[in-house]
Amino acid sequence: MADRERLGKVKVSEAEAMEVAEASREKEWARPSFLREMFLGEFRLDLLHPYPLPPTDEEERPEFRAFYNAFRELLRDEVDPVEIDHTGEYPEHVVDGLRKLGAFGMKIPKEYGGLGFTQIEYQKIMGLLGSYDGNLSALLSAHQSIGVPQPLKLFGSDALKKKYLPRCAAGDISAFALTEAQVGSDPARLLTSAERTDDGDYLLNGEKLWCTNGTIAKLLVVMARDPESKKISAFVVETDWPGVRVEHRCHFMGLRALANAVISFEDVRVPAENLIGEEGKGLKIALTTLNDGRLSIPNGSVGLAKAALEVCRKWSAERVQWGKPIGKHEAIAHKLADMAAYTYAMEAIADLTTAMSDSHSFDIRLEAAACKEWNTFRGWQIVDEAMQIRGGRGYETERSLEARGEQPIGVERMMRDYRINKIFEGSTEIMHLFMAREAVDKHLEIAGSIIDPKKSGQEKMVDFFQKMLPFYAAWYPTRWVGWGRYPRFAEFGALAGHLGFCERSTRKLAREIFHGMVVHGPKLQNKQAFLFRVVDVANELFAMAASVTRAHALAEARRPEAAKAAELADLFCRMGRRRVRQLLRDLWSNDDSRKYRVAQRVLEGKHSWLETNIMPQPPARAMKPPAMAGVEPEPAPQERPVGTH
Ligand SMILES: Cc1cc2nc3c(=O)[nH]c(=O)nc-3n(C[C@H](O)[C@H](O)[C@H](O)COP(=O)(O)OP(=O)(O)OC[C@H]3O[C@@H](n4cnc5c(N)ncnc54)[C@H](O)[C@@H]3O)c2cc1C
């Protein structure tokens, strides 16, 4: 167990944490971003159109096609998701099978022994896995979407890449260790320390929580802070080094096989060359890793949505109640239509953002966040509706269904496994905050001094005349002027009107962000309801624009599904337009202040009178060193999961 007293030396105030987080923000926008432009009121359709359709099965590289087929066969012949869920372990033969296929090196360049897949190829595998087994998705994704290969590829020295990437590609499982008990969404305040030794190495002390793959990982990427400078750095740590210990294997509502651990570090000596990138850039490295890495979740969500749609389509046609199939009753029919339209739109933004990542011509940090937030929100709605459509059978386990002679369809497992996607790799709220910060970025750059308490009155005056007036005199009036109507988007035929709506709403959104700044001033940063609606509007418009351009590209490519895609794009956009109008109205007509006031009274216990006639929650067990609160005894060696160190 790590020395907790030593950790006590590292104290970070809230203001310092905000400063660290701000310092770790990528500030440059060297490449264009559709959403960043949207926040400024520019509807840059040219960044999405022509829509980059992923290759068809026939167009794919033969090398990838062969892998895909072999991977599918492995899933079909070797992987039993019900058994994995039931035992809560990854079967050894499955992990070995994945190793033999090279699945741990899909994203690793060939020169380091990997398969060198593009994002599109890698994400196609993630989509397939998302439709089948969440546990395996998490294993492969934690390893190479965010684990050691990703930050090494982006920031590692040649020596580090040569040392570790071949090992990762060969199947030495890796993990990403950022979260700690006290710091979840706010990693800038992390406490794990990395002290420089006299001979230039680092001594690592601390404890990481919820490290996925942690119990079976050979390699970790660990974010830790210099206790003196307080700067955070990122390191590759080998789990068999002295002082690294798995303290506890965590268990969850779903993803029962997740090899997730509390890992402690006690005076772990990390060689200087295992520093990733520059010293002090660790949080930036972690956040940049997540920018691209978090594409796996939205792509996996598409797989899940497709699987749920198939289940519900078949069941709604087959199940007869009140004299007709349930899919003919309007309530269920509407759910099916929503599911189809959302699945189409989810795929539209996931494929688009993934292709943008491959092209390296775009800065996708906002689009990836939008994709993660939007697809997990819609994915959760879809799995919830799938449960409703399947009725009692949705709630029943696969094994129980099978024992009764029914088809073992695991909607309850899907639901349990899926829910975490709205929490990890940037929760829904944190994705909104991240995007909202960028939505107001230009305004802060231009007008930030007006709300900066450190600036004198004279400095504010100078900035007003030199920066604000010239910028806003040109920018604001032009947010009112534009043409989103015929014939501007005529080439999109029946879908043109939706793009016109997007263009007009983009300018309106930018005006409303500006109005929000004028009305709320410095308090805007605390107006999360306002800011989150701004982000929701942008995400809806992004999904609408992607849906229309995708349908258009399918038609241009004369794909057989083109007309059907246009039908779904049209329905999705009609629903999207209603949501956008409502969200824009709610910016100024809402119960936000009242709700916040009531919430504070709830926090103060003023409404605890409601919490009567219930059984009390169990208390936390006292911390008893060296074990942690709630820690189960470590399994005996013979019971430990495959590869546990
Ligand atoms: C199964 C599982 C696997 C995981 N795998 C990994 C891993 O491999 N590596 C790793 O480093 N971490 C991992 N995590 C940690 C995960 O990333 C965190 O759970 C996540 O960052 C949220 O942190 P938290 O749970 O402490 O929630 P908290 O930060 O305590 O937040 C609680 C709630 O408050 C919201 N919230 C927080 N701050 C704000 C704010 N400023 N404004 C509005 N709302 C806010 C959050 O969105 C959330 O809804 C994993 C977690 C789980 C459960």
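What volume does the largest cavity have? In this predicted model, the largest cavity has a volume of about 30 Å³, and the count of cavities of 30 Å³ or more comes to one.

**The ligand and its shell**

- The ligand has 20 residues around it, and those that come nearest are Phe176, Thr179, Ser185, Ser427 and Glu429.
- Sorted by class, the shell around the ligand holds eleven nonpolar residues, together with seven polar and two charged ones.
- Among the elements that each supply at least two residues of this shell are strand S3, which spans 202-211, and helix H18, which spans 428-439.
- Helix H18 gives the most to the shell around the ligand, contributing three residues.

- Thr179, one of the residues that come nearest to the ligand, places a polar side-chain atom 2.6 Å from a nitrogen atom of the ligand.
- In the side chain of Thr212, an N or O atom is 2.8 Å from a nitrogen atom of the ligand.
- Glu429, also listed among the residues that come nearest, has a polar side-chain atom 2.7 Å from an oxygen atom of the ligand.
- On its own the ligand has 960 Å² of accessible area, and the protein covers 69% of that area.

**The second largest pocket**

- The volume of the second largest pocket is about 870 Å³, and its lining is made up of 32 residues.
- Of these lining residues, Lys124, Lys306, Glu347, Asp351 and Arg550 lie nearest the centre of the pocket.
- By class, the lining of the second largest pocket divides into 13 nonpolar, seven polar and twelve charged residues.

**The largest cavity**

- The residues that line the largest cavity are Pro54, Pro55, Glu60, Ile120, Glu121 and Lys124.
- The lining of the largest cavity comprises three nonpolar and three charged residues, with no polar residues.

Terms used. Residues are numbered from 1 along each chain as its sequence is written. This is a predicted model: local features need pLDDT of at least 70, side-chain atom pairs count only at pLDDT 80 or more; totals for chains, interfaces and linings use all residues. Side-chain values use heavy atoms; hydrogens and water are left out. A residue is near a molecule or strand if one of its heavy atoms lies within 4 Å of it. A polar contact is a pair of N or O atoms within 3.5 Å; within protein, one must be able to donate a hydrogen and the other to accept it, and residues adjacent in sequence count only if both atoms are side-chain atoms. Accessible areas come from the Shrake-Rupley method with a 1.4 Å probe; for residues, only the protein chains shown count as cover. Helices (H or I, at least four residues) and strands (E, at least two) are DSSP runs, numbered from the N terminus. Ala, Val, Leu, Ile, Met, Phe, Trp, Tyr, Cys and Pro count as nonpolar, Asp, Glu, Lys and Arg as charged, and the others, Gly among them, as polar. On a 1 Å grid over the protein atoms alone, a cavity is a set of points where a 1.4 Å probe fits but cannot get out, and a pocket is an open set with protein on both sides within 12 Å along at least five of seven lines; lining residues have an atom within 4 Å of a point. Grid points are joined across faces, edges and corners, and a volume is the space filled by probe spheres set on the points.
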